[in-house]
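Let's take a walk through this one together, starting with a helix contact and moving on to some aromatic rings. Keep the viewer open as you read.

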Amino acid sequence: MLFSIIKSKGKSLACLFLAASVFLGGIAADTLTVYATSEELAAEAEARKSLTIQSNEIDNWPVGPQVSAQAAILMDADTGAILYAKNINEKLYPASTTKIMTCLLARENGNLDDMVEFSKSAVFSVPADGSNMGMDVGESITMEQCLYGILVGSANEVANALAEHISGSIDDFVNMMNERAAQLGCTNTHFVNTNGLYDDSHYTTAYDLALISRAFFQDEMLCKIGNTARYHFEPTATQPDDFYLNNKHKLITGEIAYDGIRGGKTGYTDEARQTLVTCAEQNGMKLICVVFKEESPAQFTDTVELFDYGFHNFQAMNISENEEDYNIDTTGYLQIGNDIFGNSKPILSIDTESCVIVPNTIDFDDLDSEIDYSVSGENCVAQILYSYQDTYVGNAYLNLADNSASTYDFDTNMKTTDISVEKADTEAEKVEEQNTIFINVKKVLIMILIFAALIIVLFVLRALVINSKNAKRRKNRVKRKQRRRARIQSDFDDFDF
């Protein structure tokens, strides 16, 4: 069959027309390429298992599995730490995993209840035998339904329609895709379409796609939609058909069971072979796995093997609970807050949410760290970067306390250069403080009261000691008088009057 979904008899005619046009108009020259046989593909997949795994070359790092993917990466979604790396910077074809970027941009620039209308260019600029959901020109669905159509059904024409809705044209949207990729840190990515259909100039890397996926899986709605096994389209006034879309991602459908799946996207073209992006969460870690150039069903089984490797060999360690080597150049009396008699807090602190992802066999003290003052942010002063054997494992931010709700007009806005943070074993750095802070009067009053109480106690004790001594002297005088009387009485007893 030359098309993936036929929604109704009316849609059948449209799809048949598209299919006929391919045959009657002739087949493009690049579709005449003779591809390898299944035996040759299997041999290539087996050979790929022997490719170098860069993460296995790190000293004392857990040894990762020999997967048959040309490139693969396992990245922690929160820190960006790379747990497994195999050819992660090699430029390869992403196929429909491209649509992760398409949906991310739609969420960032549109609304779920927007109505997206399908133009002729959106419908007819994709091949009829590719993934689609049979939308007709002039029909419209909500942007939320478009996201389901793309992430569940991998519908190519829906990706185009969504692009036109967001940017006005597919070309402008593709420019947005490349700009956003650069913003996310991608350096080896170039998109030329919204859906991942093969083009020699449309490529990315496992590392770059993992960076894009980090942003994608931070959006709970995208996670929800991207983790949907089956979606039901019901008839509306602008879309008259009733049909279902089924996800091909076997870890999402449950055909291959795995705990903690958060979502993902499949991809395939003859040139790209099987590609897969998946996110799973266990043991306080959320990991992203990207595999490129696989043969089915290895893209799923290798993903499971990589997830097991990550969840079984690594752990998340909270930085603020373990960090002891850094001193903050303030004292307990220098506080910030909106009440000079309380509700104050330290000026500078390590954020409490940040973690490092490290092998189970090492301790926090085994990590190396360095301070980066180049970070920018309203309350961020610096960043602590952690590594193990020169491999990045996480970071934490040093933040100024937020005093935006202050009821008093105190100058508590401090700059990065006004705060110094140093290693405990290095000489303290002198930093000139140019901003005004206030002393916590509540603490000062408490200290004064404690001091006064101590003075009073000392006076009471002194009085008791003095009284005790005076009482003892009086008692001794009384005894001496009694003894004299007794002697006088005894002397008189010797005479007989």
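## Helices, rings and a glycine

Start at the contact between two helices: Met101, Thr102, Leu105, Glu108 and Asn109 on the α3 side meet Phe173, Met176, Met177, Arg180 and Ala181 on the α7 side. Sorted by class, this contact of α3 with α7 has 6 nonpolar, 2 polar and 2 charged residues. Bear in mind that you are looking at a predicted model.

How do the two helices sit relative to each other? Two packed helices are described by the angle between their axes and the distance between the axes. Here the axes of α3 (residues 99–109) and α7 (residues 170–183) come within 10 Å, crossing at roughly 95 degrees. An angle of 65 to 115 degrees counts as roughly perpendicular, so α3 is roughly perpendicular to α7.

Now stay with α3 and turn to another partner, helix α5 (residues 143–151): the axes of α3 and α5 also come within 10 Å, but they cross at roughly 170 degrees. Angles over 145 degrees count as roughly antiparallel, and α3 and α5 are therefore roughly antiparallel to each other. In this contact, Lys99, Cys103, Ala106 and Arg107 of α3 meet Met143, Leu147, Ile150 and Leu151 of α5. The class tally for α3 with α5 is 6 nonpolar, no polar and 2 charged residues.

How much of α3 is buried? The helix is mostly covered, with 8 of its 11 residues buried. Those residues are Lys99, Ile100, Met101, Thr102, Cys103, Leu104, Leu105 and Ala106. Notice that Met101, Thr102 and Leu105 are in the buried set and also take part in the contact with α7, while Lys99, Cys103 and Ala106 are buried and take part in the contact with α5.

Next, the rings. A pair of aromatic rings is described by the distance of the centres and the angle of the planes. The count comes to 12 aromatic pairs. One of them is Tyr84 with Tyr309, an edge-to-face pair at 5.9 Å centre to centre with 75 degrees between the planes. Tyr84 belongs to strand β2 (residues 82–86) and Tyr309 to helix α11 (residues 298–313), so this pair ties together parts that are 225 residues apart in sequence. Tyr84 has 0% relative accessibility and counts as buried, and Tyr309 is buried as well, at 5%.

Tyr309 also pairs with Phe314, again edge-to-face, at 5.6 Å centre to centre and 75 degrees between the planes. Phe314 is buried too. Elsewhere, a ring meets a charge: the charged end of Arg230 sits over the ring of Tyr244, 4.0 Å from its centre.

One more stop: Gly394, in strand β18 (residues 391–400). Is Gly394 buried or exposed? With 0% relative accessibility, Gly394 counts as buried. Leaving out residues up to four places away in sequence, Gly394 touches Thr79, Cys355, Val356, Ile384, Leu385 and Tyr386. Its C-alpha atom is 6.3 Å from that of Cys355, 39 residues away along the chain.

Finally, zoom out. The protein chain has 13 helices and 20 strands, and buried residues make up 45% of its 497 residues. Among contacts between residues at least 6 apart in sequence, 64% join residues at least 24 apart.

Definitions and conventions
Residues are numbered from 1 along each chain as its sequence is written. This is a predicted model: local features need pLDDT of at least 70, side-chain atom pairs count only at pLDDT 80 or more; totals for chains, interfaces and linings use all residues. Side-chain values use heavy atoms; hydrogens and water are left out. Axes are lines fitted to C-alpha atoms, for helices over the stretch in contact, and angles run from 0 to 180 degrees between N-to-C directions. Helices (H or I, at least four residues) and strands (E, at least two) are DSSP runs, numbered from the N terminus. Angles under 35 degrees count as roughly parallel, over 145 as roughly antiparallel, 65 to 115 as roughly perpendicular and the rest as oblique. Contact means heavy atoms within 4.5 Å. Ala, Val, Leu, Ile, Met, Phe, Trp, Tyr, Cys and Pro count as nonpolar, Asp, Glu, Lys and Arg as charged, and the others, Gly among them, as polar. Rings of Phe, Tyr and Trp (its six-membered ring) pair if their centres lie within 6.5 Å; planes under 30 degrees apart count as stacked, over 60 as edge-to-face and the rest as tilted. Buried means under 20% relative accessible area, exposed over 50%, partly exposed in between (1.4 Å probe, protein chains only). A charge sits over a ring if NZ of Lys or CZ of Arg is within 6 Å of the ring centre and within 35 degrees of the ring normal.
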